[in-house]
There are 2 protein chains.
Amino acid sequence: MALPTDPSKPRLVAGLMSGTSADGVDAALVRIEGSGPDAALTLVAHDTLKYTPTVRQRILACMGSSAGNAGDITLLDGYVGELFAHTLLHLLKKSGVEAKEVLAVGSHGQTLFHHPTQIQYPGFQVCGTLQVGSAAVIAERTGITVVSNFRPSDMAAGGQGAPLVPYLDYLLFHHRSRSRLALNIGGLANLTALPAGCELDGLMAFDTGPGNVLMDLTAYHYSGGKQAFDPDGAMARSGHIQQALLAALMEHPFLAVPPPKSADKEEFGAKYLDGVLARFPGLPGPDVMATLAAFTVRTVATAILEFCAQRARYEEIIVSGGGTKNPVLMEGLQMALSKLTLSTSDEYGIPSKAKEAILIAVLADATLHGWPSNVPAATGAKRAVVLGQITPGAGFFEKE
Amino acid sequence: MALPTDPSKPRLVAGLMSGTSADGVDAALVRIEGSGPDAALTLVAHDTLKYTPTVRQRILACMGSSAGNAGDITLLDGYVGELFAHTLLHLLKKSGVEAKEVLAVGSHGQTLFHHPTQIQYPGFQVCGTLQVGSAAVIAERTGITVVSNFRPSDMAAGGQGAPLVPYLDYLLFHHRSRSRLALNIGGLANLTALPAGCELDGLMAFDTGPGNVLMDLTAYHYSGGKQAFDPDGAMARSGHIQQALLAALMEHPFLAVPPPKSADKEEFGAKYLDGVLARFPGLPGPDVMATLAAFTVRTVATAILEFCAQRARYEEIIVSGGGTKNPVLMEGLQMALSKLTLSTSDEYGIPSKAKEAILIAVLADATLHGWPSNVPAATGAKRAVVLGQITPGAGFFEKE
């Protein structure tokens, strides 16, 4: 192989991802054609390998500042590599695609710890991020060239190593004459604002605040642990928005900070929620849920109005993530943002479930072509850099 | 850059290494010309950054099966990256070489844990090895392309991830008409046997047993902790070899195992030594030391006779490692191997101190040219593989 590869040729690239919830491995296979963030993308196939409780426990035991040790982390690295390789091989088989047809696979790995803030060590300020899932194992089992370790490159260049999704949002949704917003509603919610005709460095991306996290905590609490979320927003729909509670929630200091900014899950966690609810004793559960749905909607709408609207007249908002499955949330967004066309990424061929794995495939493709794929305006990096490390696969050194 | 690069062009490549003793970072800058294991090599400069006790403590706290945690290991990864980058920049400055003149830097990293044996995890047999020292940090601080994580590639292919030095021994010492032995005497001693005219896959490499480890333990013990080794072999020289003790030491079961084999430091550690010495109470310290020097010599000579001599008539043995500084050891080897010419790697332009960093530079060069550099006969891998991962530096994607 000669690097960079010819970007005019269509190529198949895979992406592998396991999120901080450690539920399983998401895999996506995409066809990419064209150059850099202007490339066109088609999802060929996607799949998820759900972890068994035993496997999940192994991973969680090494996750977090004081978790794990060198021995367990070393073996987990090899193990997650095997799981990722297995997931990819299964996806290829299911899709009838042979490994040698695939240019590369991007692997995000499993994050065990992410510390973007500088700490003083003897002689140097240091930060770090640790993703396991041996790229050598994935390359050996599949024969495919692996690109991995994306976040450390951005952090070495002074960035937070996150968010990385703006590159994909740009690639999928930027438009010459339409100004668009891409909103992802996961545990937290993050927004990428793409003014009409903007370049990659002209986008804005930041966390708006809570996504589903507070609603999920509430569903769990009122169901006595039986429900992890509010299915179809049924509980929210049966309640009434409590304006005083909503106003109290909107006092959260994170909301007033101008972007770029990223929230920690802890900032919108159980402790925060309990603190606010203590000021409103005796509220019925459905009213709390309805208000929390309104809180997510309001924080998104306010963020758009305060931080984005002065730069462009946005026409469309494209929503992805688990939040798209909650009609109360989606209807609330449509009402609050009545001048915008509301759609989901699924309508653009990007299932919410597969979006992060697609992102990792796109980042791998960018690296093999020598295209920087962090967005300094979003991560805070000093410059745009080519992300990640290349583990050569079987065909890597063959002449094209 | 186009991969593979043109091997007919001479190039500068650097290597960075920190051993399991965690004393400091060894850096070497070499000029390489030619293809694969037949390339020619010249050492341009080398240097060591010695760790302060505080830094060493930080590293040792994360080293070993049950040491460290995800938080400390993550930050240590960033920190060791900074230390490695700093060492390289210092070496370049000292040598008057600019970063852009250097094709690549190989970084071994700092091993925290190495577990080549397979362990059963749910669904998969796994093994692993963990080296810290962020390649992204080294690439960003120096602008130079980094090749790192060499051992996992060999292990993913079924090997032990060690020894890697046979590739360098071959490159430096293989000869069309002379059969040579390369012996490294570190804590343990390892031998690479290079029959005249052999190819890379025709060499034999294995640990012969103890190097300096037992002598160092004895020096420490009899000096009340004041001496870490026996300077100039003075203590050994003042004693007499005790034949009964020597015979008892030679009973160690490792010595009879046919190669390939690698010893664990524990197998020739304090516990083993104390066990044997308990059978010979009251021996004077100098006699113990003299006998241990003879033990190292005898194990090397026996290994050559039993495992190597039937394949070729060796003419020369080239010694490297700390053991070359012990004249009792060197004289003993010359006597035991009286038909061989004894020389040191220093006489071939390879200072013992720099040998491992030179190895890492050579491995990085091999990877960028697509040459496999593990030796399956030495590591037990199922096949020869291109080792490591490439982190693109500033000039990586420039057209040549």
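This is a predicted model: local features need pLDDT of at least 70, side-chain atom pairs count only at pLDDT 80 or more; totals for chains, interfaces and linings use all residues.

Me: What makes residues of domain 1 of chain A and domain 2 of chain A count as part of the contact?

Reply: Two residues are in contact if their C-beta atoms, placed from the backbone, lie within 7 Å. The contact takes 17 residues from domain 1 of chain A and 15 residues from domain 2 of chain A. On the domain 1 side, β3 (40-50), α12 (355-368) and α13 (376-379) of chain A each supply at least two residues. By class, that side of domain 1 of chain A has 12 nonpolar, five polar and no charged residues.

Me: Over in chain B, why are β9 (204-210) and β11 (341-344) said to stand at the edges?

Reply: The open sheet has five strands, in the order β9-β8-β7-β10-β11 (chain B), with mixed pairing. β9 and β11 of chain B each have a single partner strand, so one side of each is left without a neighbour in the sheet.

Me: How do you know that strand β7 of chain B and strand β8 of chain B pair?

Reply: Strands pair if DSSP finds at least two bridges between them. β7 (residues 180-185) and β8 (residues 188-194) of chain B run antiparallel over six bridges, so they pass that cut-off. In this pairing, A182(B) stands opposite T192(B) in β8(B). Helix α10 (residues 285-308) of chain B packs on the sheet, touching β7, β8 and β9 of chain B.

Me: What makes chain A and chain B related as by a two-fold rotation axis?

Reply: Chain B is superposed on chain A by a rotation of 180 degrees with 0.0 Å of shift along its axis, and the RMSD is 0.0 Å. The two copies are therefore related as by a two-fold rotation axis. The same surface serves both copies, as 100% of the contact residues of chain B recur in chain A.

Me: One last thing: which way does α10(A) cross α11(A), left-handed or right-handed?

Reply: α10(A) passes α11(A) in a right-handed crossing. Helix α10 (residues 285-308) of chain A and helix α11 (residues 327-336) of chain A pack at about 40 degrees, with their axes 9 Å apart. Residues making the contact include A293(A) and V297(A) of α10(A), and L329(A) and L333(A) of α11(A). By class, there are nine nonpolar, two polar and one charged residues in the contact of α10(A) with α11(A).

How values were computed. Residues are numbered from 1 along each chain as its sequence is written. Chains are lettered from A and ligands numbered from 1 in the order in which they are written. Helices (H or I, at least four residues) and strands (E, at least two) are DSSP runs, numbered from the N terminus. Ala, Val, Leu, Ile, Met, Phe, Trp, Tyr, Cys and Pro count as nonpolar, Asp, Glu, Lys and Arg as charged, and the others, Gly among them, as polar. Axes are lines fitted to C-alpha atoms, for helices over the stretch in contact, and angles run from 0 to 180 degrees between N-to-C directions. Copies are superposed by least squares on the C-alpha atoms of residues with pLDDT of at least 70 in both. A crossing is left-handed if the near helix is turned anticlockwise from the far one by less than a right angle, and right-handed if clockwise.
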